[in-house]
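Subject: Handover of a structure

Dear colleague,

I am passing the structure below to you for your further work. My notes on what was found in it follow directly after it.

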Amino acid sequence: MLLQMGGVRSALSLLAVRRACCLSRAAHTSPQTHEYKPIKKVMVANRGEIAIRVFRACTELGIRTVAVYSEQDTGQMHRQKADEAYLIGRGLPPVAAYLHIPDIIKVAKENDVDAIHPGYGFLSERSDFAQACMDAGVRFIGPAPEVVRKMGDKVEARAIAIRAGVPVVPGTDAPISCLQEAQEFSNTYGFPIIFKAAYGGGGRGMRVVRGYEELEENYQRAYSEALAAFGNGALFVEKFIEKPRHIEVQILGDKYGNVIHLYERDCSIQRRHQKVVEIAPATQLDPHLRDRLTADSVNLAKLVGYENAGTVEFLVDKHGKHYFIEVNSRLQVEHTVTEEITDVDLVHAQVRICEGRSLPELGLKQDKIRINGYAIQCRVTTEDPARGFQPDTGRLEVFRSGEGMGIRLDSASAFQGALISPHYDSLLVKVIASGKDLPAASAKMSRALAEFRVRGVKTNIPFLQNVLSNDQFLYGTVDTQFIDENPDLFNLRPVQNRAQKLLHYLGHVMVNGPTTPIPVKAKPSSIDPVIPQVPLGQPPVGFRDVLLREGPEGFARAVRAHPGLLLMDTTMRDAHQSLLATRVRTHDLKHIAPFVAHNFSNLFSVENWGGATFDVAMRFLSECPWRRLQELRSLIPNVPFQMLLRGANAVGYTNYPDNAVYKFCEVAKENGMDIFRVFDSLNYLPNMVLGMEAAGAAGGVVEAAISYTGDVSDPMRQKYSLDYYLKLADELVKAGTHILSIKDMAGLLKPASSRLLIGALRDRFPDIPIHVHTHDTAGAGVAAMLACAEAGADIVDVAVDSMAGMTSQPSMGALVACTKGTKYNTGISLEKVFDYSEYWEVTRGLYAPFDCTATMKSGNADVYENEIPGGQYTNLHFQAHSMGLGNKFKEVKKAYTEANKLLGDLIKVTPSSKIVGDLAQFMVQNSLTRAEVEERADELSFPLSVVEFLQGHVGIPHGGFPEPFRSKVELERGKTLHIKALALGDLNKAGQREVFFELNGQLRSVLVRDTVAMKEMHFHPKALKDVRGQIGAPMPGKVVEVKVKQGQQVEKGQPLCVLSAMKMETVVNSPIAGTVAKVYVSADSTLEGDDLILEITE
């Protein structure tokens, strides 16, 4: 153990030399001195999960790590897991970058790398790379270059095996140089034969040939695959053994001639000669055969002086005879199962051996290596078993892994948002399960795979689950034909993917708009509005000057002391929200703003912000609502601005954290907002108080609004009685409101109820300003507001004449005219109202497609029965016409009334009004009466908004929740999706936008094609599935070779072109006989799935 120390004494060095000299190392011509040289920095010349596996081991050993990455891998996880990361192969193809030895060596030397770990694949079995490392003074964590060369050359490795007395399969003695040599071999040994890459493994460059007619095509494909994967297309040929078991033995050797084995792995479950599931140890393996396999492996390794980790691979036929295949002079993908059953960290051992440690020093002696239980590794790949394991590419929209006791995950590219490209291996994650026996390990693996959620690309998980439940796998033995002989493995359970399908639909609607036809045929007017003249200079002093001078309390006193009736103009917010779907642009508001400032300085306020204005500005108008507030503030400096604040919801539709509401109010005040009208859709006091406190803390005027419903003048309707409103007002005044407001969203206040309610409030609160908001749906708005003024209201809401009436507010001109010459005189010039109205009359024509008059020609007094809020009345009417139910709008309104009663007679303001509306539409769509809904409440699937209301998400309604309806509704059916749309991304090069959601509290996103933008972009045409002669790409990939030309005659089954994806090649054959009409691709073309390759005419 003293050999670990930094300064080694000469006596010990001599001892080490003598020890090395005494060992039999046939591959070394002269004894070498080996000292312990600590490694301080390791580079991994690889990517993906194996790079991360080595980084983790090095970190555990206190060694600094370095990653290299190609231009295509800038977003891959392995470069983030290393201490340092450097780009290699600039401008090179994806695989070529990791094969570029000069770049890798240059990065290593420039960054003081002590050793390079090659991982597996790429350069891991290239002796020239191992030699280049040594020449550069960088240690290679693996065998000596000469050993790598011998083992990498499958023909020479075979000759060494023969010298070591290890049985081999009949095969060529050297790589073949042409197709004729393969034909001669098959003439001698007969079919089937197999081509194998001479300088690499992993199934690349491996093709089975069962007849002469397949020979040429498979030779070309094997050569091409080997060249692409290993930089050398050399092949050799062997007799193909039918239905063997594929057993491999893990070995470790050190620099002193010690070699041990760590038992075997069964890798028989394969497809395309690539391992899918690996097991350690091999099940039902005869102990004597195990002894022969391990002994042959150790003897072969000693014969060549093998050091570091390696694998000796064998085929075992049905008679129990074993044949040497090859030595993989590197770490294997499946090394994990050996680690699990032996408790030996192979990467730790690799690094320590490279440093000069001996196996005994590491505690690795053959008699101490024991098998402990069973381990299974499943390679989860992005391949579609239903389509012949075709690789799939794309973006991982969702990734959730299975974990827990007995489960190990080795992954790199498996994370939400990762891009699976066609350039590299399809491996997504390695799942390793351990148990006391094979059934126990299988049970853990099955459970873990069932927990996985992978969306965006296809995976082989359903196939793996079938393998794990197969009786032959669990209780018998499997061979390399297991997959081919068990077609039931491809009876795949379909993946439901409900949530992601829903997100894709929602994303499509967000990007491309709804698919529901718009019933409005009107086009925007071509006439531009004339802006009334505005005098030069500053506008007159207004109430905002009072507010700035005296603060909120002084402002409230000034309002109360004002002798006439004050008006709030809703034209810039609620009026166009009710009539024009909130679509008015800042552009048109800015044009008229100076006129308002100069001519209506005695307005109480202008309502121009909050509510639906906020989200419509961003979602539909592509405007910044904050910028709107800032620009209007600069143009109207003298009139207070008022906004609608939904209590704890702020301007949203859900409860936000307290600090978010406080910050929102603070920023709104800083940007020009003055008065915050705070309400809650259920008059839920805690939510209202939060909004009031936030507005007050920001320095704004607090106007607490009581949402009105029912009829206080009707003695038969006493749920929302006069006493209810007075008690609520008491609480709001105690909470510190500056102004008390009645928010009559549906326009239910009649003159009698107005006098009763406002008169009672004025008597109880003689010093508090009272503000009344209503809608004119029934046509009685002007009469109701005059009654409110007579009863003691200080302010009422109006909209300019051309934007008034119906579901909007009462007419400004009418109120001005009716109060003129009375003690309620507004002080506003009627002539200026006419000018103001003329501007908006023409401006309204610009928004004709959104105008409610396209489908609704008047208001309706039935609002006193259905109590539908103004804006919602407009929307429901429009939706009914869009869905072809215009003639059934009466039924929709009746259902709204019944739904309201079902829910316990709610106050109906956003969002509670939406809950009632959702239930009403649910009832109409399913032809349900109120009685049927109550009777079947325990079996119906209600809209989510209804369920969440009954769960208490919105608040607690006055009088409590409706019973027994609430108790009968099943609030949770086991699978509930909570979805919130968050943001819409910019257009990418593929014509897509990334749409972000929150799903059950987790961030999700989907890529949605922008159908409008794509019309201006060029894309490769897609093959139409219903057109017989159009041949599409069966998978994403790169065109390696086009084998036909335009005008050429082709036969059914004739090869048309060759695609390469994830280093595997696929031949696209002609499904019909005919003439090639047009070829749409060329060599090196990059294709997506179903991209059109060529057209054939019959």
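Contact here means heavy atoms within 4.5 Å. Helices (H or I, at least four residues) and strands (E, at least two) are DSSP runs, numbered from the N terminus. Please note that this is a predicted model, in which local features need pLDDT of at least 70 and side-chain atom pairs count only at pLDDT 80 or more, while totals for chains, interfaces and linings use all residues. Residues are numbered from 1 along each chain as its sequence is written, and side-chain values use heavy atoms, with hydrogens and water left out.

The eight-stranded sheet

An open sheet is formed by 8 strands in the order β13-β12-β9-β10-β11-β14-β21-β19, with antiparallel pairing; two strands count as paired if DSSP finds at least two bridges between them. β13 and β19 (407-411) stand at the edges with a single partner strand each, so one side of each has no neighbour in the sheet. On average, neighbouring strands of this sheet are turned by 25 degrees against each other, direction ignored. Axes are lines fitted to C-alpha atoms, for helices over the stretch in contact, and angles run from 0 to 180 degrees between N-to-C directions.

Within this sheet, β14 (residues 374-381) and β21 (residues 427-435) are joined in the antiparallel sense by 8 bridges, and Cys378 stands opposite Val431 in β21. Helix α2 (residues 48-60) packs on the sheet, where it touches β19 and β21, and its direction makes about 115 degrees with that of β19. Helix α12 lies across β9 (245-253), β10 (259-271), β11 (274-280), β14, β19 and β21, and runs at about 155 degrees to β14.

Buried means under 20% relative accessible area, exposed over 50%, and partly exposed in between (1.4 Å probe, protein chains only).

The loop between β13 (322-328) and α12 (335-342) holds Arg330. An unreviewed UniProt entry places the feature "active site" at Arg330; such annotations may be inferred rather than shown by experiment. Arg330 is buried, with a relative accessible area of 8%.

The three-stranded sheet

A further open sheet has 3 strands in the order β7-β6-β8, with antiparallel pairing. β7 (207-209) and β8 (235-239) stand at the edges, each with a single partner strand, so one side of each is left without a neighbour in the sheet. From one strand to the next, the twist averages 25 degrees. Strand β6 (residues 193-197) runs antiparallel to β7 and is joined to it by 3 bridges, with Ile194 opposite Val208 in β7. Helix α10 (residues 212-230) packs on the sheet and touches β6, β7 and β8, its direction making about 170 degrees with that of β7. Helix α9 (residues 179-189) lies across β6 and β8, at about 10 degrees to β8.

Yours sincerely
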